[in-house]
Amino acid sequence: MAPKKLNGFMTFVKEWQANNPVARGLSNSEAVAKCDPIWKSMGDRERGPYKKAKNANVLERTAKKERLNCLGGSVAEMEIEKNEAISAELQMKRKIERIILTAKNSMELENEEFVFVSFNYFTKALTGDLYVPAEFSACRYSLKGGISSNYSTMINPGHIIYGQSRDAQDHSKTTHKLPLPPQAFGETNMGKLYIDIFNWLSVRNEEKLDQDPVIVYTTPELMPVVKSCFRYLASEAEIDEDERKIMVFDIYHLFYTLKKSVLDVAGVTNDRINFHVTNNFFVKDFFEYTEGIACDYHEKIDRSKYCTNSMVKRWGFTFSDYMCADLAIPLQPGKHIPLKVKPNYTITPASSSTNFDEISLDSYYSAPPRIQKEMGSRDLSPSSSHQSVSRAYVPRDHSVYGGTLDSDEEFPSLGGRRRQLPDMSHFNMGAGKNFAR
């Protein structure tokens, strides 16, 4: 039987029974008889709280019916968090688009400076979004100047999360191979390190107001790591929270938005450019195995791929490789491209009739010679050898074969593998009937 709902009068009776020692031995009907004259003598103002208490029962039953997920969390709270995340992502994308649009309208698109950052970490907390930092790198980049400066340091937090030494060892072994605390390399004062990093990031644009947040860019996969590591360092920094605000934005969306604007400035149609095209080009990471762009430690142990210094530089080289050709910006070794370029693929140059519209979707490596000449010499890469290989290559017609497939001698690989008719003697159908051919 469902519980009986309490009206205002019965709520008053229950309270009277709880607070009046005389009512302890009375039954419910006797208590109602005692409270009836008292209730009638009360005014509307005195009855008001008890009438409002009637809704408490409804609210209580509603709360009990709240949906929960398989982990016992509130579904409504999860929906709120999801909506907040979607709203934050939309605001981030609009902010990136405003930055690019402002630079484009002021004819400063090629000079607009961006900061790319990356963190390596030792381990992650089992519950909560907490990463223990191990290494940090950042670089300033613009289309015209390429990588102008970079900052790189290793971090020794002194300890890792209790009980996660094994996880930290496994993560380090499969990625950056940095020694674990307390034998870790680098700065041990987290507060001092954060102030140093923040000061380096803050000077990227002197014309901006001091209270404006510092904007940095990283990949969507690293955004939770970067945000958490910044919070980890900032927790020990002796500066005001409003003065240490760092906003972490999506470098994929920056890559897409900047490419669209670059093509627009160059007068090239950008109808074929979408987020999937630019994202696919970015994640190919053509400079992944480039030498000489990682820190000395990772170069020595052959772990350049996981070095944060290598990561941020590769991102800058990817921006240059994909966009500088559209604006005819000469590529400077060490700033737009590595000092030593060793492509891991062979490219056949396009014909001389190729225009900018045709190369806008491709890498600099596939640009025709006349475009490469306008953008600068490419003596650093063995492009001449690729061209000689492509000229010496003579295609063969594999669609014609002069032999006969009926003879094993003409086609030995078919020997013993010709189609044979199966022996039907072992197929018994029905009640002992043998259907042999």
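These are my notebook entries on a predicted model of one protein chain.

**Entry 1. The chain as a whole**

I began with the secondary structure, and I counted 15 helices and seven strands in the chain. The chain has 437 residues, and 38% of them count as buried. I then looked up how far apart in sequence the contacting residues are. Among contacts with a separation of 6 or more, 66% are between residues 24 or more positions apart. The exposed surface comes to about 26,700 Å². Carbon and sulfur atoms supply 52% of that surface.

**Entry 2. The nonpolar cores**

Which residues touch the most other members of the largest nonpolar core? I found Phe 116, Leu 201, Tyr 217, Phe 230 and Phe 319, in a core of 80 residues. Helix 8 gives the most to this core, with eight residues. I also noted a second, separate core of 10 residues, which includes Phe 9, Trp 16, Ala 23 and Trp 39.

Phe 9 lies in helix 1, residues 8-19. Is Phe 9 buried or exposed? Its relative accessibility is 15%, under the 20% limit, so Phe 9 counts as buried. Not counting residues up to four places away in sequence, Phe 9 touches Val 32, Cys 35, Asp 36 and Trp 39.

**Entry 3. Cysteines**

How many disulfides does the structure hold? I found zero.

Helix 7 covers residues 190-202, which makes 13 residues. From first C-alpha to last it reaches 18 Å, close to the 18 Å expected at 1.5 Å a residue. I noted its buried residues: Met 190, Gly 191, Leu 193, Tyr 194, Ile 197, Phe 198, Trp 200 and Leu 201. Leu 201 is one of the residues I had listed for the largest core.

What covers the buried residues of helix 7? The cover includes strand 1 (114-124), strand 2 (131-142) and strand 3 (146-154). It also includes strand 4 (214-218), helix 8 (223-234) and strand 5 (246-250).

At the N-terminal end of helix 7 I found a cap, Asn 189. A side-chain oxygen of Asn 189 lies 3.2 Å from the backbone nitrogen of Gly 191.

Pro 182 lies in the loop between helix 6 (165-174) and helix 7. The peptide bond from Pro 181 to Pro 182 is cis, with omega near 5°. I marked this bond because most peptide bonds are trans.

**Entry 4. Two aspartates with positive phi**

Asp 285 has a phi near 50°. Asp 285 is in the loop between helix 10 (275-284) and helix 11 (296-300). Asp 302 has a positive phi of about 60°. Asp 302 sits in the loop between helix 11 and helix 12 (308-323).

Asp 285 has a relative accessible area of 16%, so Asp 285 is buried. Asp 302, at 65% relative accessibility, counts as exposed.

Helix 12 has 16 residues. Its reach from first C-alpha to last is 23 Å, close to the 22 Å expected at 1.5 Å a residue. Why do I describe helix 12 as largely enclosed by the rest of the structure? I do so because 16 of its 16 residues are buried.

Ser 320 is in helix 12, and its relative accessible area is 1%. I looked up its contacts, leaving aside neighbours within four places in sequence, and found Tyr 141, Leu 331 and His 336. With Tyr 141 there is a polar contact of 2.7 Å between the side chains.

Technical notes. Residues numbered from 1 in each chain as written. Predicted model: local features only at pLDDT ≥ 70, side-chain atom pairs only at ≥ 80, totals over all residues. Heavy atoms only, no water. Helix = DSSP H or I, 4+ residues; strand = E, 2+ residues; numbered from the N terminus. Expected span 1.5 Å × (residues − 1). Buried < 20%, exposed > 50% of the residue type's maximum accessible area, 1.4 Å probe, protein only. Contact = heavy atoms within 4.5 Å. Polar contact = N/O pair within 3.5 Å; in protein donor to acceptor, adjacent residues only side chain to side chain. Areas by Shrake-Rupley, 256 points an atom, 1.4 Å probe, with all protein chains shown as cover. Core = buried A, V, L, I, M, F, W, Y, C linked by side-chain atoms within 4.5 Å. Disulfide = S-S within 2.5 Å.
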